[in-house]
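Hello,

Here is the structure you are taking over. Please open it first, then read the notes below.

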Amino acid sequence: MARWVLRLTQMNIALHQASAAMTANLAWNDLVAQNLSGQSSPGYRAQIAAFEEFRIPGGAGRVGSAFPTMRPGTSREQGTLQPTGHPTDLGIDGPGFFAAEAPGGGRIYTRDGQLRVDRLGNLQTKDGYPVIGVTGRITVDPNAGPIAVGPRGEISQRGNAVGQIQIFEVANPSQLQHLSGSFYRLAPGARAVPATQTTLQQGFLEGANTSSVQEMGQMLLAMRHFEANQRALQVADDRMSRSIQELGTPPQQ
């Protein structure tokens, strides 16, 4: 009887392991779809899938088990800087991020340098979020002509300094939580510090660091893994059904 209990327990674990793997594959597929949709967003950084084990230790007389999980991360790879010629387009060269005021308070971070100046002279992201400067919000004269932006974010109009964009760097990209498009927020406890290895190029935009060919290959791979675990789930379920049937069949006299 003990042998049957152990056998059923092992098959039950196999069912849960296959199910966990299928869930991780679905999450992987979602990341790939997100990367494909983000290709048109300037400064978008690809989300990458990292697979790891979630272990449940065994107690007295019980066997421990491991279940696969998927943890998303953010690619460090630099996107291609593409010339636009527009004075409020700023391409980031290096690991830094712009910071903007989030709706409702707090900060959000982005590498999308497609900025604009509103009718009041406030420098904003293309979505209308105020860009954070070294001393707070950045305001220019909307009637004084185009702005000039230096490699460290220094802003001037007609030769006069009017502010400086603050660029931030995050030591570990895994501390960035993706929101939507090219926007991120810091994970709880994470810190962003003033950039030391990042410069800006005026009149350029950084393209998304994704490849449609590579992402389609990843999507096919995720689908194949899902199908393989689906078959493993079916095999474990069939074995358990047969075992329960045999266990419930009375011995022949």
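A strand here is a DSSP run of E, at least two residues long, numbered from the N terminus. Two strands pair if DSSP finds at least two bridges between them. This is a predicted model: local features need pLDDT of at least 70, side-chain atom pairs count only at pLDDT 80 or more, and totals for chains, interfaces and linings use all residues. Residues are numbered from 1 along each chain as its sequence is written, and side-chain values use heavy atoms, without hydrogens or water.

Start with β5 (residues 97-101) and β6 (residues 107-110). Four bridges join them, and they run antiparallel. A99 has Y109 as its bridge partner in β6. Five residues lie between the strands of this hairpin, where G104 takes a positive phi near 90°. β6 also pairs with β16 (residues 183-186), antiparallel, through two bridges. There, T110 is partnered by F183.

Next, an open sheet. Its three strands follow the order β11-β12-β13, with antiparallel pairing. β11 (148-149) and β13 (160-164) are the edges; each has a single partner strand, so one side of each lacks a neighbour in the sheet. Four bridges link β12 (residues 154-157) to β13. I155 stands opposite G163.

Now the cores. A nonpolar core is a set of buried Ala, Val, Leu, Ile, Met, Phe, Trp, Tyr and Cys residues joined through side-chain atoms within 4.5 Å. Buried means under 20% relative accessible area (1.4 Å probe, protein chains only). The largest core has 14 residues; L90, F98, L123, I155, I165 and L200 touch the most other members. A second, separate core of 11 residues includes A99, Y109, F168 and V170.

Best wishes

Conventions: Buried < 20%, exposed > 50% of the residue type's maximum accessible area, 1.4 Å probe, protein only.
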